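I opened the notebook to record what I looked up in this entry, topic by topic. My notes follow the order in which I asked.

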Amino acid sequence: MGAYILRRLIMLIPVMLIVGIVVFMLVHITPGDPAAVMLGDRATGEQIDQLRQAMGLDEPLPVQFVDWFSHALRLDFGDSFFLDMPVTQALRERAQPTLLLTSYALFFEIIIGVPAGVIAAIKRNSILDRALMVLSIAGAAIPTFFLGIVLILIFAVRLKWVPSGGYVPIQEDPAAHFKSMILPAFTLGFSAAGLLARLVRSSMLDVMRDDYIRTAMAKGLKFRKVITGHALRNALIPAVTVVGYSLGALLGGAVVTETVFTIPGMGRLVVQSIARRDYPLIQGAVMLTAAIYVLVNLLVDILYVYIDPRIRYGS
Amino acid sequence: MVVETPIDSTQSIEEMGQTISALDRRPERRWLTSLKGNRFALAAAIVIVILVVMAVLAPWIAPKDPKFIDPSLRLLSPGAGHRFGTDEFGRDVLSRVIYGARVSLLIGAGVTLFSAIIGAVLGLVSGYYARFDTPIMRLMDGMMAFPSILLAIAIMASLGPSTRNVFIALTVVYVPTIARLVRGSTLVLKQQPFVESARSIGMRDHSILAKYVFPNALSPLIVQCTFVLAFAIISEASLSFLGAGVPPDEPSWGNMLRDGQKLIQRAWWMAIFPGIFLVITVLAFNILGDGLRDALDPRARER
C-alpha cells in the first residue's frame, strides 16, 4: 500500500511538469509581444520594455520556464496585472464561493444521481427506468449555462423565490447564503448527476446478478434489505471513482455557473481576466485547478483500495 | 456482465439460423440494420439531418438577414412578423438561430475531424511502438489534468477570440481522449494473430497500421467521435457564452444566450430559443452515439 502511494506520487511529477509546461506556454502562444498585448494600445515603448523586463521575457525560454515553474511550485504565480496584488492572494479571496459552490453541487450530484440509478436498476426496463435514463442523457445534453438561465427565468424572474444572482458569504447571513446558492448548486450538480445515475444503474445491475445476492434472496431476506445491505454497498464502489473524477468537471463547470449567477468566485475572476489579458492570474487559476484535480484523483484511487478490499494494487 | 454468445442453447432452430445469417453479413451492414431497429437513434439521426440541411440552406431558409440591425424593431416578442421575436438591436431571432446552426455544426464537425485525425495518429503510434508510448501518453495525461472548459478558456485567452482559435483550442482539448482510446484498441489489436502474421510475411509497419490495426479500431472511434461532437458543440457555446468564443456579432447560439441572459427579465425569447436548439442538437448526437455504441458493441447493450 505504501509502495503504491509512493509510486503514484512519483507519477505525479511528470504530469505536473507537463501541466506546468502547458500553462507556461499559454503566455507564449499569444500572437505578438505578450507585454504589448497586456498593456494595450496606449502603452509607450518604454512601459512595454519595463514590463518585458519585469516578466523576464528577454530571457531564453527554458530559463524563463525554470524560473516560473520553481515559483509556481511554491504557489507563487506573480502579481495579478489588473488587481495589483499577488495572484495567490487574489485567488484566495475568491476561493470561498467556488469551493462552497462545488461542494454543494457535489451534494446535489449524489442525492440526485445515486437514487435515480438505484431506482432505475431495481425497476429495470420499466417506464420509470426508461424515463430516468432519458433524463440522464438530457442532463448531460443541457449545457449548465442554459439550465441556469431557465431556472433563473422560472424561480427568480417569474416566481421570485430566490435572487437571480449574487452571493452572500455564509458567515454574514447563512439563510440568505443558501438561498443564493441553491439554484447555482443544483444547476451544476444536475449536469454531473446524469452520468453518475447511469453508472450506478449499470453497476447495480452487475452486482444484482452476483451469487451472494441470490443467496441473500434465497435465505429469505427482505428485498429492501438485500438492496441496501448487500447490493448497494458493492455497487457504490465504482461510483466513488466517478464522483471523485467529476470534481474536476464541477470545478471547470463552476467557471460557467459563476458567470451565469454572477457569483464572485475564482471562475468568474478567470472569465473577467480574459478581457483584461491578466495572464498571470489565468495561469495561476488554471495551474491550481489542475493540481487540485490531480490530487483529488489520486486520493480517490487510494480511497478505492480502502473501501474495496478485493483491490490490491501490486506492481 | 453477461457476455452474449452468438448462439445460445435456448434458441430455437429458426432463431439460430437468423443469428448465423446475421453473422454472415458484413459488419457494416449488421450495425446499420441494428441501428434501424433502434427508434431513438433513428429519430436522432433524422433530427441531425434536418439540422444539417437547415445549416447548409440557412441563406434560403432564414426569413431575415441575421445581422440586419433595425432599432425600430427592438425586443419584439414572438409573433407574426418575427416567429422567435427580435433582440435588442432589432435583429430577427429565428434567422440568427438558423445561422447559429452553421457555427455550431461547423465547429463541432471540424473539431471532431481534426482531433480524430491527430488523436488517431498519436494513439496508433503510441500503442504500436513501445518507445513512443510513455512520452506521448504522459503528455496526454498532463493535458487531461485540466478541466476541459478551463483549458479551452485559457487557450482562448491567449490566442484571442476568433472562430479559427475556437477550432484550435477545442481540438487541443479533445485530442487526448481520442488518442487514449485508439491507443487502447491498438494495444489489443497488436497482439492479434492477423497482425502477427502480417508482420511475419514482412509487411511494413505503416501498412499494417493502415490495413489491419486502424480499420479494426474504427468502430469505437466512430462512437467516441459522436460524443466528442456533442461536447465540442457545448464547449463552443460555453466559450461564446463567456465571451471567449466566436466574435460577438457572429450569430452563434452561445453568443445569443450571452446577449439573452442580460435581458432575461424583459425578453425571455432571446435566450430560450437558441438554448432549445442547442439542447436538441447535443441530445441528438448523444442519443445517436448511444445507439451506435449499442449497434457496434452488442455486449454493451445489456447494460
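Does A:N125 count as buried or exposed? I looked at its surroundings and found 8 C-beta neighbours inside 10 Å, so A:N125 counts as exposed. I am working with a predicted model here. I placed A:N125 in the loop between α6 (95–122) and α7 of chain A. Its phi is near 65°, a positive value in a residue other than glycine. I noted the background rule: most residues other than glycine have a negative phi.

I then turned to A:D84. Its phi is near 60°, again a positive value in a residue other than glycine. A:D84 sits in the loop between α4 (61–73) and α5 (87–93) of chain A. Is A:D84 buried or exposed? I found 8 other C-beta atoms within 10 Å, and the cut-off for exposed is 12 or fewer, so A:D84 is exposed.

**Entry: chain A overall**

I read off the secondary structure of chain A: 13 helices and zero strands. I checked the box along the principal axes, and the C-alpha atoms of chain A fill roughly 85 × 60 × 35 Å. Chain A has 315 residues, and 40% of them count as buried. I also looked at contacts in chain A with a separation of 6 or more. Residues 24 or more positions apart account for 72% of these.

**Entry: helix α10 of chain A**

How many of the eight residues of α10(A) are buried? I counted zero, so helix α10 (residues 211–218) is hardly covered. I looked at what comes after the helix. α10(A) is followed by A:G220, and the phi of A:G220 is positive, near 90°.

**Entry: α7 against α9 in chain A**

Two packed helices are described by the angle between their axes and the distance between the axes. I looked up both values for helix α7 (residues 127–141) and helix α9 (residues 174–208) of chain A. Their axes come within 7 Å and cross at roughly 135°. The two helices are therefore oblique to each other. I noted the crossing of α7(A) and α9(A) as left-handed.

Which residues meet here? From α7(A) I listed A:L132, A:M133, A:S136, A:I137, A:G139 and A:A140. They meet A:F190, A:S191, A:A193, A:G194, A:L195, A:A197 and A:R198 in α9(A). By class, I recorded eight nonpolar, four polar and one charged residues in this contact.

**Entry: α9 against α11 in chain A**

I next took α9(A) with α11(A). They pack at an angle of about 155°, and their axes are 8 Å apart. Roughly antiparallel starts over 145 degrees, and α9(A) is therefore roughly antiparallel to α11(A). I recorded the crossing of α9(A) and α11(A) as right-handed. The residues of this contact divide into 19 nonpolar, seven polar and no charged.

**Entry: chain A against chain B**

How many residues does each chain give to the contact? I found 42 residues from chain A and 39 residues from chain B. On the chain A side, the helices that each supply at least two residues are α1 (2–28), α7, α8 (144–158), α9, α11 (223–260), α12 (266–276) and α13 (279–307). α11(A) gives the largest share of that side, eight residues. By class, the side of chain A that touches chain B has 35 nonpolar, six polar and one charged residues.

**Entry: the nonpolar core**

I looked up the largest nonpolar core and found 165 residues in it. Which members touch the most other members? They are A:L196, B:A152 and B:I153. B:I153 touches A:V255, A:V270 and A:I274, along with B:L239, B:L242 and B:A244.

**Entry: B:L94**

My last stop was in chain B. B:L94 lies in helix α5 (residues 93–128) of chain B. I found 20 C-beta neighbours inside 10 Å, so B:L94 counts as buried. What does B:L94 touch, not counting residues up to four places away in sequence? I noted B:P63, B:H82, B:R83 and B:F84. B:R83 is 11 residues from B:L94 along the chain, and their C-alpha atoms are separated by 6.5 Å.

How values were computed. Residues are numbered from 1 along each chain as its sequence is written. Chains are lettered from A and ligands numbered from 1 in the order in which they are written. This is a predicted model: local features need pLDDT of at least 70, side-chain atom pairs count only at pLDDT 80 or more; totals for chains, interfaces and linings use all residues. Axes are lines fitted to C-alpha atoms, for helices over the stretch in contact, and angles run from 0 to 180 degrees between N-to-C directions. Helices (H or I, at least four residues) and strands (E, at least two) are DSSP runs, numbered from the N terminus. Angles under 35 degrees count as roughly parallel, over 145 as roughly antiparallel, 65 to 115 as roughly perpendicular and the rest as oblique. A crossing is left-handed if the near helix is turned anticlockwise from the far one by less than a right angle, and right-handed if clockwise. Two residues are in contact if their C-beta atoms, placed from the backbone, lie within 7 Å. Ala, Val, Leu, Ile, Met, Phe, Trp, Tyr, Cys and Pro count as nonpolar, Asp, Glu, Lys and Arg as charged, and the others, Gly among them, as polar. A nonpolar core is a set of buried Ala, Val, Leu, Ile, Met, Phe, Trp, Tyr and Cys residues joined through C-beta atoms within 7 Å.
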